Amino acid sequence: MNAPYACQPEESRGRHWPERMSTFRSPWQRDRDRIIHSSAFRRLKHKTQVFVEHEGDYYRTRLTHTIEVAQVARTIAGVLGLNTDLAETVALAHDLGHPPFGHTGEDALAALMAPYGGFDHNAQALRIVTRMERHYADFDGLNLTWESLEGIAKHNGPVTGPLSYALAEVNAEWDLELAGNASAEAQVAAVADDVAYNHHDLHDGLRAGLFTEEDLSQLPVVGEAFAEVDALHPGLDPMRRRHEALRRVFGVMVEDVIAVAQNRLNSLQPQSVQDIRDMEGPIIRFSKPLYQNLKAIKLFLFQRMYRAPSVVVERERVTQMLNGLFPLFLNDPSKMPDHWLAAAEAAGDETGRARVVLDYVAGMTDRFAIQEAERLLG
């Protein structure tokens, strides 16, 4: 039985295009399934998390990251009496709008799109699920429920200031109440994202040789985890030692989020999902002490992983690819497949054409972008 502050299926605000209720799935189970079966979801398999997709079979891709986020979201939501299906749905959709080459690709496309309305992956995810997936007879997009769209738009918090065109278009058609908090389920998906990448980036950085276990032993939370493993299992095989320590880090983060949320929920006693939306700040978050410790871990990862010399070289290389491909397609849309060419020609002006080109380039996988750069740019 869900808590009173959870999103209730029977109280969903429905879909933009009305559909009959499924006989055996809740609205958010149906949303989840549509996301899993979408083309954009499949392409996450070949999109970067940190390392470019072809660099190694063991590193996380955007797809494996998304699956890990969904698992964490279901766990936290279940303990808190929230709707696990909605939390999972937002988690599965949260990175659909990521372009090739991870945040490097996003930075490059944001700069290229600055004259044409901007770019960010959350807004692009909304564009994908409302417009770009074109499989159904009655509508473009996936026709997700309002709650799922709200979660994609606002899982990182209220959206204020100028909106990117992609988010503005969706919000003009259906008000997502951007100035308020998202549901607790969407907030869970956002924190689950933090838990997942803080955990797996430590794993992947070790595997890549960018830092060592000795380096990590100096960090808060992580150092304590390694010390605990050494006390319980002296002389443990190095790979098992690593895994045991990092799964403890994972557990610390999840348990902290749950404890903070339970305390705040017991204190504030929200009686509806609207109470959650109307609160000052999120109900789902890390404790202040752990948040400060995670800032230290993130700073370490930034310096030693995200800006490691080998990663910086790759960042420069892939940025150069996108800086070459985008203007090439913008100036000569015939270099794109026929249906993209037709969309560019129908766009009417340079801004419209740029947005078509963005949709095409942002949808590329790492490997396809590399192939196209080699074919068209040499």
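Me: Which helices do the buried residues of α7 pack against?

Reply: This is a predicted model: local features need pLDDT of at least 70, side-chain atom pairs count only at pLDDT 80 or more, and totals for chains, interfaces and linings use all residues. Residues are numbered from 1 along each chain as its sequence is written, and side-chain values use heavy atoms, with hydrogens and water left out. Helices (H or I, at least four residues) and strands (E, at least two) are DSSP runs numbered from the N terminus, and contact means heavy atoms within 4.5 Å. The buried residues of α7 pack against α1 (27-36), α4 (84-93), α6, α8, α9 and α13 (273-278).

Me: How many residues of helix α7 are buried?

Reply: Buried means under 20% relative accessible area, exposed over 50%, and partly exposed in between (1.4 Å probe, protein chains only). Helix α7 covers residues 146-154 and is mostly covered. Its buried residues include the charged E147, E150 and K154 as well as W146. The count for α7 is 9 of 9.

Me: How many helices and strands does the protein chain have?

Reply: The C-alpha trace spans about 65 × 50 × 40 Å along its principal axes. In secondary structure, the protein chain has 18 helices and 0 strands.

Me: What is the radius of gyration of the protein chain?

Reply: The radius is taken over C-alpha atoms, and the globule rule is 2.2 Å times the number of residues to the power 0.38. For 378 residues a compact globule would come near 21 Å, which agrees with the value of the protein chain, 21 Å.

Me: Which residues have the most contacts inside the largest nonpolar core?

Reply: In soluble globular proteins, nonpolar side chains tend to be buried together. A nonpolar core here is a set of buried Ala, Val, Leu, Ile, Met, Phe, Trp, Tyr and Cys residues joined through side-chain atoms within 4.5 Å. The largest has 115 residues. Those with the most contacts inside it are L96, L109, L216, V222 and F326.

Me: Which residues is L109 in contact with, leaving aside its neighbours within four places in sequence?

Reply: L109 is among the residues with the most contacts inside the largest nonpolar core, as is F326. Beyond four places in sequence, L109 is in contact with P99, F119, L322, F326, L358, V361 and A362.

Me: Is S183 buried or exposed?

Reply: S183 lies in the loop between α8 (165-173) and α9 (184-207). Setting aside neighbours up to four places away, its contacts are C7, L86, E150, V273, I276 and R277; of these, E150 is one of the buried residues of α7. With a relative accessible area of 0%, S183 is buried.

Me: What is the relative accessible area of R32?

Reply: R32 is found in helix α1. Not counting residues up to four places away in sequence, R32 touches R74, D85, E88, T89 and L92. R32 is buried, at 17%.

Me: How far apart in space are R131 and V170, C-alpha to C-alpha?

Reply: R131 sits in helix α6 (residues 121-132) and counts as buried at 18% relative accessibility. Beyond four places in sequence, R131 touches D140, G141, E169, V170 and E173. R131 and V170 are 39 residues apart in sequence, and their distance in space is 9.2 Å.

Me: What is the phi of F101?

Reply: Most residues other than glycine have a negative phi. F101, in the loop between α4 and α5 (102-113), is buried with a relative accessible area of 3%. Although not a glycine, F101 has a positive phi of about 70°.
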